[in-house]
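Please work through the following exercises with the sequence and the structure at hand. Each exercise sets a task and then gives a solution in steps.

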Amino acid sequence: MGNRGGILLSVGALAVVTACSTPAPVASTTAASASAKPPTTGPSSDAPALGPGPGSQPPTTPQPPPPHSPAKVTSACPFLGVTESSDTMGVVLDAYAVEEAKTTQYDATTYHCNYASRTGGRQLLDLFVTVVPGTGQVSSLVTAWTKDCKGPANPIGGVAGTTRTCSLDGTNSSDVLVLVVKKSHGQTRLAELYIRPFADKVYTTLAQLLTDRL
């Protein structure tokens, strides 16, 4: 789901151009995403129950409080739960959250939460959280992360901070990118949420959740 391959090529090109046109950059401020998506794990008969993340708890079990701008990012799934995503979208998801292996490239680390379908149905969500050292490249990162947008990458109304949403095919019939960028704990953190088309209020709610938690 989504099209991170094109984003990664764009980010790699950005890093090369920066290196060639400026004095030697400080390693901690050279930003790019991680390599292409790692293979994902398909649903299985012993898939965990619906819930907020890996090893999800049954819906009847109280969920732990969501993270609120943790000092260190170690995974993507805790930033957006299956249950709350389902409530926000007004649909019953057959998904469960799988934390994939993290990847590192150009000093940036990307964590991937794959919301896998239990039944092989259509996937509605895919989340990547990337941590880039330093906070001085927000503008260039937003440009790089929205290279795959077919049409304008618009700010999301009602959410304070740096957010963008766009269609990846230009028609809003395929995936939509919800991008949240935040300076946090001396880092730049980017959440890329790939989602099937929904009403604007869904993007606003999910973007606000991610903004609060990054």
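**Exercise 1.** Determine whether Asp175 is buried or exposed, and identify the salt bridge in which Asp175 takes part.

*Solution.* Step 1. Buried means under 20% relative accessible area, exposed means over 50%, and partly exposed lies in between, with a 1.4 Å probe and protein chains only. Asp175 has a relative accessibility of 7% and therefore counts as buried.

Step 1. A salt bridge requires a side-chain nitrogen of Lys or Arg within 4 Å of a carboxyl oxygen of Asp or Glu. Asp175 meets this rule with Arg196, the closest N and O atoms being 3.5 Å apart.

Step 2. Helices (H or I, at least four residues) and strands (E, at least two) are DSSP runs, numbered from the N terminus. Arg196 belongs to the loop between β7 (187–195) and α4, and Asp175 to the loop between β5 and β6 (176–184), so defined. The two residues are 21 residues apart, and the pair links distant parts of the chain.

The model is predicted: local features need pLDDT of at least 70, side-chain atom pairs count only at pLDDT 80 or more, and totals for chains, interfaces and linings use all residues. Residues are numbered from 1 along each chain as its sequence is written, and side-chain values use heavy atoms, with hydrogens and water left out.

**Exercise 2.** State how many salt bridges a search of the whole structure finds, and describe the one formed by Arg213.

*Solution.* Step 1. The search finds two salt bridges.

Step 1. Arg213 pairs with Glu84, with 2.6 Å between the closest N and O atoms. Because Arg213 lies in helix α4 (residues 200–213) and Glu84 in helix α2, the pair ties together parts that are 129 residues apart in sequence.

Step 2. Arg213 is buried at a relative accessible area of 6%, whereas Glu84, at 22%, is partly exposed.

**Exercise 3.** Describe the surroundings of strand β3 and name the strands with which β3 pairs.

*Solution.* Step 1. In β3, 10 of the 10 residues are buried, so this strand is largely enclosed by the rest of the structure.

Step 1. In a regular strand the side chains alternate between the two faces of the sheet. Both faces of β3 are covered, with buried residues including His112 on one side and Cys113 on the other.

Step 2. Two strands pair if DSSP finds at least two bridges between them. Strand β1 (residues 95–99) runs antiparallel to β3 over five bridges, and Ala95 has Ser117 as its bridge partner. Strand β2 (residues 103–105) is antiparallel to β3 with three bridges. Strand β4 (residues 125–133) is joined to β3 by six bridges, also antiparallel, and Phe128 in β4 stands opposite His112.
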